[in-house]
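User: I am new to this structure and would like to learn how to read it. Please take me through a few features, giving the general idea and then the case here.

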Amino acid sequence: MGSRVKQTDLDLATERHAELRRILEERRREILSEVQEKMRDVRAVGASGEGQGVLDAAEASEADIQDDIELALIQMKSETLHKIEEALSRLDERTYGNCFECGEEISERRLRALPFAVRCKDCEEARELAEQRERQTQRRSAGFFIDLN
């Protein structure tokens, strides 16, 4: 009976591993496609000469802002791709799904929502709270030094 339970657990783990890999790879394909499409759009606009005419200051500023937004979106998607690649590596190493902080298993619900999560919900919330406190402390310190001048 004991070996049957162990085999069932192993089958479930293998099934979960395959499902999580599928989710990560699907998300990677989606993001790669989006990045490639954005890059084609940027090249097409540049090649077609659109935006090459005379622009007034407001139009030029708006175009610069739009370019900055596009670049930021591409950068965010690239960072997400990197996180997915790291998650796939952890999956191969059999460390995927374990919290970096406490070592506990990250809930499957969280991994389905955020497949490259590296912390469980509780540890992530604690990290975010600590970052928030740090920012507040830095603001207070900056305000203190400004007041002294």
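This is a predicted model: local features need pLDDT of at least 70, side-chain atom pairs count only at pLDDT 80 or more; totals for chains, interfaces and linings use all residues.

Accessibility and salt bridges

Analyst: E19 counts as partly exposed, at 23% relative accessibility. Residues are numbered from 1 along each chain as its sequence is written, and side-chain values use heavy atoms, with hydrogens and water left out.

User: Which residue forms a salt bridge with E19?

Analyst: A salt bridge is a side-chain nitrogen of Lys or Arg within 4 Å of a carboxyl oxygen of Asp or Glu. The partner of E19 is R112, and the closest N and O atoms are 3.1 Å apart. E19 belongs to helix α1 (residues 2-48) and R112 to helix α3 (residues 108-113), so this pair ties together parts that are 93 residues apart in sequence. R112 is partly exposed, with a relative accessible area of 41%.

User: How many salt bridges are there in the whole structure?

Analyst: The search finds 15. Among them is the one between R28 and E85, whose closest N and O atoms are 2.9 Å apart. That pair links distant parts of the chain: R28 is in helix α1 and E85 in helix α2 (residues 57-92), 57 residues apart. R28 is partly exposed at 22%, and E85 is partly exposed at 36%.

User: What joins the side chains of E34 and K77?

Analyst: They meet in a salt bridge of 2.5 Å, N to O. Here too distant parts of the chain are linked, with E34 in helix α1 and K77 in helix α2, 43 residues apart. E34 has a relative accessible area of 30% and is partly exposed; K77 is partly exposed at 22%. Salt bridges can also share partners, and in this way E19, R22, E26, E108 and R112 are joined into one network.

User: How many helices and strands does the chain have?

Analyst: Helices (H or I, at least four residues) and strands (E, at least two) are DSSP runs, numbered from the N terminus. The chain has 4 helices and 0 strands, and its pattern along the sequence reads α-α-α-α. Of its 149 residues, 18% are buried.

User: What should the span of α2 be?

Analyst: The expected span of a helix is 1.5 Å times one less than its number of residues. For the 36 residues of α2 this gives 52 Å, and the end C-alpha atoms are 52 Å apart, which agrees.

User: Which residues of α2 are buried?

Analyst: They are I74, T80, L81, I84, A87, L88, R90 and L91. As background, an α-helix has 3.6 residues a turn, so residues three or four places apart point the same way.

User: What follows α2?

Analyst: R94 does, with a positive phi near 65 degrees. R94 is a residue other than glycine and lies in the loop between α2 and α3. At 58% relative accessibility, R94 counts as exposed.

User: Which residues lie nearest the centre of the second largest pocket?

Analyst: A pocket is an open set of points, on a 1 Å grid over the protein atoms alone, where a 1.4 Å probe fits, with protein on both sides within 12 Å along at least five of seven lines; lining residues have an atom within 4 Å of a point. The second largest pocket is lined by 14 residues, and A13, R16, H17, R94 and Y96 lie nearest its centre. α1 and α2 each supply at least two residues of this lining, and the largest share, 6 residues, comes from α1.

User: Is E124 buried or exposed?

Analyst: E124 is buried, with a relative accessible area of 12%. This residue is found in helix α4 (residues 121-148). Contact means heavy atoms within 4.5 Å. Leaving aside neighbours within four places in sequence, E124 is in contact with R110 and R119. Across the chain, among contacts with a separation of 6 or more, 59% are between residues 24 or more positions apart.

Note on methods. Buried means under 20% relative accessible area, exposed over 50%, partly exposed in between (1.4 Å probe, protein chains only).
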